[in-house]
Amino acid sequence: MRICVADIPMEVETTDTAFFARRFAAYAANKDVPPQMTMTSTVVPHIEVPAAEEVWGCHNLHMLRLPDGRFCVYTRLQSGHIRHLTTYAPKAERADIQVSPPADGNLTPTDYEYVYTGQEFAYRLGYLGGAVLHGSAIAYRGEGVIFSAPSGTGKSTHTTLWKRCFGADVEYINDDKPALRFSDDGVTVYGTPWSGKTDLNNNLAVPLRAVVFLERGEKNHIERMSPVEALFRMGREIVRPYSDMTLEKKLADFMTELTQRVPVYRLACTMESEAATVSRDGIFAGK
(Lines give C-alpha, C1' and ligand atoms only; values in the text may rest on other atoms or scores of the structure.)
Protein backbone atom coordinates (compact mmCIF):
# COMPACT_ATOMS: atom_id res chain seq x y z
CA MET A 1 0.00 0.00 0.00
CA ARG A 2 1.16 3.56 -0.67
CA ILE A 3 1.17 5.94 2.29
CA CYS A 4 2.69 9.31 3.09
CA VAL A 5 3.92 10.08 6.61
CA ALA A 6 5.75 13.30 7.55
CA ASP A 7 5.89 14.19 3.85
CA ILE A 8 7.65 10.91 3.03
CA PRO A 9 5.80 8.84 0.41
CA MET A 10 6.31 5.13 1.10
CA GLU A 11 5.39 1.77 -0.36
CA VAL A 12 4.66 -0.71 2.45
CA GLU A 13 3.83 -4.41 2.25
CA THR A 14 2.99 -6.42 5.37
CA THR A 15 1.76 -9.90 6.24
CA ASP A 16 -1.23 -8.66 8.26
CA THR A 17 -2.83 -6.55 5.55
CA ALA A 18 -6.14 -5.97 7.37
CA PHE A 19 -4.54 -4.48 10.50
CA PHE A 20 -2.25 -2.15 8.59
CA ALA A 21 -4.98 -1.10 6.17
CA ARG A 22 -6.88 0.23 9.21
CA ARG A 23 -3.80 1.81 10.79
CA PHE A 24 -2.63 3.44 7.57
CA ALA A 25 -6.03 4.55 6.22
CA ALA A 26 -5.63 8.21 7.19
CA TYR A 27 -2.17 8.30 5.58
CA ALA A 28 -3.11 6.90 2.17
CA ALA A 29 -1.16 8.58 -0.63
CA ASN A 30 -1.29 9.11 -4.36
CA LYS A 31 0.27 6.09 -6.05
CA ASP A 32 1.59 8.30 -8.84
CA VAL A 33 4.11 9.89 -6.46
CA PRO A 34 7.39 7.91 -6.43
CA PRO A 35 8.16 6.48 -2.97
CA GLN A 36 11.12 7.74 -0.99
CA MET A 37 11.09 4.50 1.00
CA THR A 38 10.02 0.92 0.40
CA MET A 39 9.32 -1.50 3.26
CA THR A 40 8.32 -5.13 3.29
CA SER A 41 7.47 -7.10 6.42
CA THR A 42 7.09 -10.87 6.36
CA VAL A 43 6.19 -13.26 9.18
CA VAL A 44 8.13 -16.52 8.81
CA PRO A 45 8.55 -19.64 10.97
CA HIS A 46 12.35 -19.57 10.80
CA ILE A 47 15.00 -16.97 9.90
CA GLU A 48 18.38 -17.80 8.39
CA VAL A 49 21.19 -15.36 9.12
CA PRO A 50 23.26 -14.74 5.97
CA ALA A 51 26.99 -15.40 5.98
CA ALA A 52 28.58 -11.96 6.12
CA GLU A 53 31.00 -9.76 8.07
CA GLU A 54 29.77 -8.76 11.52
CA VAL A 55 30.48 -5.05 12.05
CA TRP A 56 28.73 -4.53 15.37
CA GLY A 57 27.26 -6.57 18.19
CA CYS A 58 25.86 -5.92 21.66
CA HIS A 59 23.99 -8.47 23.78
CA ASN A 60 21.38 -10.03 21.47
CA LEU A 61 21.59 -7.45 18.64
CA HIS A 62 24.00 -7.93 15.74
CA MET A 63 24.79 -6.03 12.55
CA LEU A 64 26.31 -7.49 9.37
CA ARG A 65 27.62 -5.86 6.21
CA LEU A 66 26.57 -7.85 3.14
CA PRO A 67 28.82 -8.19 0.07
CA ASP A 68 26.53 -5.92 -1.98
CA GLY A 69 26.90 -3.04 0.52
CA ARG A 70 23.59 -3.49 2.30
CA PHE A 71 23.35 -3.96 6.06
CA CYS A 72 21.60 -6.66 8.03
CA VAL A 73 20.49 -6.30 11.66
CA TYR A 74 19.09 -9.23 13.61
CA THR A 75 18.04 -10.19 17.13
CA ARG A 76 19.13 -13.54 18.54
CA LEU A 77 17.43 -14.69 21.74
CA GLN A 78 19.25 -16.67 24.46
CA SER A 79 17.62 -19.82 23.11
CA GLY A 80 19.35 -19.18 19.78
CA HIS A 81 16.06 -18.32 18.06
CA ILE A 82 16.30 -15.40 15.58
CA ARG A 83 13.34 -13.16 16.39
CA HIS A 84 13.82 -10.58 13.66
CA LEU A 85 16.12 -9.75 10.78
CA THR A 86 16.05 -6.54 8.77
CA THR A 87 18.08 -6.02 5.62
CA TYR A 88 18.35 -2.43 4.49
CA ALA A 89 20.14 -0.35 1.92
CA PRO A 90 22.41 2.50 3.00
CA LYS A 91 20.27 5.48 4.09
CA ALA A 92 17.40 3.02 4.70
CA GLU A 93 15.54 3.85 1.50
CA ARG A 94 14.58 0.17 1.36
CA ALA A 95 14.04 -2.15 4.33
CA ASP A 96 13.06 -5.81 4.17
CA ILE A 97 11.91 -7.10 7.56
CA GLN A 98 11.48 -10.71 8.62
CA VAL A 99 9.88 -11.52 11.97
CA SER A 100 9.66 -14.90 13.69
CA PRO A 101 8.01 -14.46 17.11
CA PRO A 102 9.02 -17.01 19.74
CA ALA A 103 6.30 -19.47 20.69
CA ASP A 104 6.40 -18.43 24.35
CA GLY A 105 6.34 -14.67 23.71
CA ASN A 106 3.71 -12.14 24.80
CA LEU A 107 3.55 -10.26 21.49
CA THR A 108 1.72 -11.34 18.35
CA PRO A 109 3.29 -11.47 14.89
CA THR A 110 1.34 -8.31 14.06
CA ASP A 111 2.78 -6.58 17.13
CA TYR A 112 6.27 -7.28 15.83
CA GLU A 113 5.42 -6.06 12.34
CA TYR A 114 4.03 -2.88 13.87
CA VAL A 115 7.12 -2.26 16.02
CA TYR A 116 9.71 -2.95 13.33
CA THR A 117 7.98 -1.05 10.51
CA GLY A 118 7.75 1.97 12.82
CA GLN A 119 11.40 1.60 13.71
CA GLU A 120 12.51 1.49 10.08
CA PHE A 121 10.38 4.54 9.26
CA ALA A 122 12.16 6.41 12.06
CA TYR A 123 15.56 5.46 10.64
CA ARG A 124 14.62 6.59 7.14
CA LEU A 125 13.30 9.86 8.55
CA GLY A 126 16.60 10.31 10.37
CA TYR A 127 18.54 9.98 7.14
CA LEU A 128 16.25 12.58 5.56
CA GLY A 129 17.00 15.07 8.35
CA GLY A 130 14.16 14.44 10.79
CA ALA A 131 13.54 12.32 13.88
CA VAL A 132 10.87 10.43 15.82
CA LEU A 133 10.57 11.42 19.48
CA HIS A 134 9.00 9.12 22.06
CA GLY A 135 6.22 11.26 23.47
CA SER A 136 2.58 12.24 23.40
CA ALA A 137 1.98 15.13 20.99
CA ILE A 138 -0.99 17.46 20.85
CA ALA A 139 -1.90 20.60 18.95
CA TYR A 140 -3.16 23.51 21.03
CA ARG A 141 -4.80 26.21 18.91
CA GLY A 142 -2.77 25.06 15.93
CA GLU A 143 0.64 24.75 17.62
CA GLY A 144 2.26 21.50 18.66
CA VAL A 145 3.53 20.43 22.07
CA ILE A 146 5.26 17.13 22.75
CA PHE A 147 5.24 15.69 26.27
CA SER A 148 8.06 13.20 26.62
CA ALA A 149 9.20 10.90 29.43
CA PRO A 150 9.99 7.23 30.07
CA SER A 151 7.06 4.86 29.69
CA GLY A 152 4.71 4.87 32.67
CA THR A 153 5.46 8.46 33.76
CA GLY A 154 2.08 9.81 32.66
CA LYS A 155 2.45 11.37 29.19
CA SER A 156 -0.91 10.15 27.94
CA THR A 157 -2.59 11.05 31.22
CA HIS A 158 -1.26 14.59 30.94
CA THR A 159 -2.44 15.10 27.36
CA THR A 160 -5.83 13.71 28.41
CA LEU A 161 -5.94 16.44 31.06
CA TRP A 162 -5.29 19.04 28.37
CA LYS A 163 -8.17 17.67 26.28
CA ARG A 164 -10.45 17.63 29.30
CA CYS A 165 -9.54 21.17 30.36
CA PHE A 166 -9.29 22.93 26.99
CA GLY A 167 -11.70 20.93 24.84
CA ALA A 168 -11.85 21.86 21.17
CA ASP A 169 -8.62 23.88 21.44
CA VAL A 170 -6.75 20.56 21.68
CA GLU A 171 -6.23 17.95 18.95
CA TYR A 172 -4.28 14.74 19.34
CA ILE A 173 -1.34 14.38 16.94
CA ASN A 174 0.25 11.14 18.14
CA ASP A 175 0.19 9.45 21.53
CA ASP A 176 3.58 7.74 21.32
CA LYS A 177 5.84 8.46 18.33
CA PRO A 178 5.31 11.80 16.56
CA ALA A 179 7.70 12.78 13.79
CA LEU A 180 9.72 15.99 13.59
CA ARG A 181 11.23 17.79 10.60
CA PHE A 182 12.80 21.20 10.15
CA SER A 183 11.00 23.80 8.05
CA ASP A 184 12.09 27.18 6.72
CA ASP A 185 10.73 29.00 9.78
CA GLY A 186 11.00 26.41 12.55
CA VAL A 187 10.12 22.79 13.30
CA THR A 188 7.04 20.84 12.21
CA VAL A 189 5.53 17.99 14.23
CA TYR A 190 3.64 15.31 12.31
CA GLY A 191 1.24 12.58 13.20
CA THR A 192 2.31 9.03 12.33
CA PRO A 193 0.34 5.76 12.29
CA TRP A 194 2.76 4.31 14.87
CA SER A 195 1.21 5.42 18.15
CA GLY A 196 2.03 2.65 20.60
CA LYS A 197 -0.82 0.74 22.18
CA THR A 198 -3.47 3.29 21.24
CA ASP A 199 -5.08 4.53 18.04
CA LEU A 200 -4.57 8.14 19.13
CA ASN A 201 -3.00 9.60 16.02
CA ASN A 202 -4.08 11.99 13.32
CA ASN A 203 -2.55 12.89 10.00
CA LEU A 204 -1.71 16.43 11.10
CA ALA A 205 1.29 18.70 10.58
CA VAL A 206 1.65 21.80 12.78
CA PRO A 207 4.50 24.06 13.93
CA LEU A 208 6.15 22.81 17.11
CA ARG A 209 5.83 25.25 20.01
CA ALA A 210 7.69 23.28 22.71
CA VAL A 211 9.04 19.97 23.96
CA VAL A 212 8.24 19.20 27.60
CA PHE A 213 9.87 16.49 29.71
CA LEU A 214 7.56 15.25 32.43
CA GLU A 215 8.44 14.28 35.98
CA ARG A 216 6.12 13.21 38.77
CA GLY A 217 5.89 15.87 41.47
CA GLU A 218 3.84 16.85 44.50
CA LYS A 219 3.39 20.38 43.11
CA ASN A 220 2.91 21.55 39.54
CA HIS A 221 5.85 23.57 38.26
CA ILE A 222 7.29 24.25 34.80
CA GLU A 223 10.70 25.72 33.94
CA ARG A 224 12.94 26.10 30.92
CA MET A 225 15.74 23.53 30.69
CA SER A 226 19.35 24.35 29.90
CA PRO A 227 20.55 23.27 26.42
CA VAL A 228 22.87 20.65 27.90
CA GLU A 229 20.17 19.10 30.07
CA ALA A 230 17.69 19.24 27.19
CA LEU A 231 20.12 17.35 24.94
CA PHE A 232 20.74 14.71 27.59
CA ARG A 233 17.03 14.08 28.14
CA MET A 234 16.22 14.14 24.43
CA GLY A 235 18.95 11.62 23.66
CA ARG A 236 17.11 9.08 25.84
CA GLU A 237 13.79 9.54 24.02
CA ILE A 238 14.77 9.94 20.35
CA VAL A 239 14.22 6.74 18.37
CA ARG A 240 17.78 5.83 17.38
CA PRO A 241 19.75 2.83 16.12
CA TYR A 242 22.63 1.85 18.35
CA SER A 243 24.23 -0.07 15.49
CA ASP A 244 24.45 2.70 12.86
CA MET A 245 27.02 5.35 13.75
CA THR A 246 26.33 7.43 10.63
CA LEU A 247 22.70 7.82 11.61
CA GLU A 248 23.64 8.37 15.27
CA LYS A 249 25.71 11.39 14.17
CA LYS A 250 22.85 12.78 12.07
CA LEU A 251 20.42 12.44 14.98
CA ALA A 252 22.87 14.11 17.38
CA ASP A 253 23.09 17.06 14.98
CA PHE A 254 19.29 17.10 14.73
CA MET A 255 18.84 17.22 18.50
CA THR A 256 21.38 20.03 18.82
CA GLU A 257 19.58 22.16 16.25
CA LEU A 258 16.16 21.29 17.69
CA THR A 259 17.12 22.57 21.14
CA GLN A 260 18.30 25.80 19.51
CA ARG A 261 15.07 26.33 17.59
CA VAL A 262 12.43 25.17 20.08
CA PRO A 263 12.07 25.80 23.85
CA VAL A 264 12.48 22.70 25.99
CA TYR A 265 10.86 22.57 29.44
CA ARG A 266 10.83 20.43 32.55
CA LEU A 267 7.39 19.91 34.06
CA ALA A 268 6.98 18.52 37.56
CA CYS A 269 3.32 17.61 37.79
CA THR A 270 0.56 15.82 39.57
CA MET A 271 -2.27 14.00 37.85
CA GLU A 272 -4.69 16.82 38.69
CA SER A 273 -6.27 19.22 36.19
CA GLU A 274 -4.17 22.07 37.55
CA ALA A 275 -1.13 20.42 35.93
CA ALA A 276 -2.57 21.12 32.46
CA THR A 277 -3.24 24.77 33.31
CA VAL A 278 0.25 25.28 34.77
CA SER A 279 1.95 23.73 31.76
CA ARG A 280 -0.29 25.60 29.26
CA ASP A 281 0.37 28.94 30.94
CA GLY A 282 4.13 28.32 31.04
CA ILE A 283 4.40 27.23 27.40
CA PHE A 284 2.01 29.80 25.93
CA ALA A 285 2.78 32.72 28.23
CA GLY A 286 1.71 35.97 26.60
CA LYS A 287 -0.43 34.32 23.94
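Author: A crossing of two helices is called left-handed if the near helix is turned anticlockwise from the far one by less than a right angle, and right-handed if it is turned clockwise. The model discussed here is a predicted one.

Reader: Is the crossing of α4 and α5 left-handed or right-handed, and at what angle do the two helices pack?

Author: Two packed helices are described by the angle between their axes and the distance between the axes. Here helix α4, residues 227–237, packs against helix α5, residues 245–261, at an angle of about 130 degrees, and their axes are 10 Å apart. That angle makes α4 oblique to α5, and the crossing of the pair is right-handed.

Reader: Which residues of α4 meet α5?

Author: From α4 come A230, L231, M234 and G235, which meet M255, T256, L258 and T259 of α5. The residues of this contact divide into five nonpolar, three polar and no charged.

Reader: Which residues of α4 are buried, and what covers them?

Author: The buried residues of α4 are A230, R233, M234, G235 and E237, and what covers them includes the strands β9, β11, β15 and β17 as well as helix α5.

Reader: Which residues have the most contacts inside the largest nonpolar core?

Author: In soluble globular proteins, nonpolar side chains tend to be buried together. In this model the largest nonpolar core has 57 residues, and those with the most contacts inside it are M10, F121, L180, L208 and M234. Helix α2, residues 109–127, gives the largest share of this core, eight residues. Apart from it lies another core, of 21 residues, among them V145, L161, C269 and A276.

Methods:
Residues are numbered from 1 along each chain as its sequence is written. This is a predicted model: local features need pLDDT of at least 70, side-chain atom pairs count only at pLDDT 80 or more; totals for chains, interfaces and linings use all residues. Side-chain values use heavy atoms; hydrogens and water are left out. Axes are lines fitted to C-alpha atoms, for helices over the stretch in contact, and angles run from 0 to 180 degrees between N-to-C directions. Helices (H or I, at least four residues) and strands (E, at least two) are DSSP runs, numbered from the N terminus. Angles under 35 degrees count as roughly parallel, over 145 as roughly antiparallel, 65 to 115 as roughly perpendicular and the rest as oblique. Contact means heavy atoms within 4.5 Å. Ala, Val, Leu, Ile, Met, Phe, Trp, Tyr, Cys and Pro count as nonpolar, Asp, Glu, Lys and Arg as charged, and the others, Gly among them, as polar. A nonpolar core is a set of buried Ala, Val, Leu, Ile, Met, Phe, Trp, Tyr and Cys residues joined through side-chain atoms within 4.5 Å. Buried means under 20% relative accessible area, exposed over 50%, partly exposed in between (1.4 Å probe, protein chains only).
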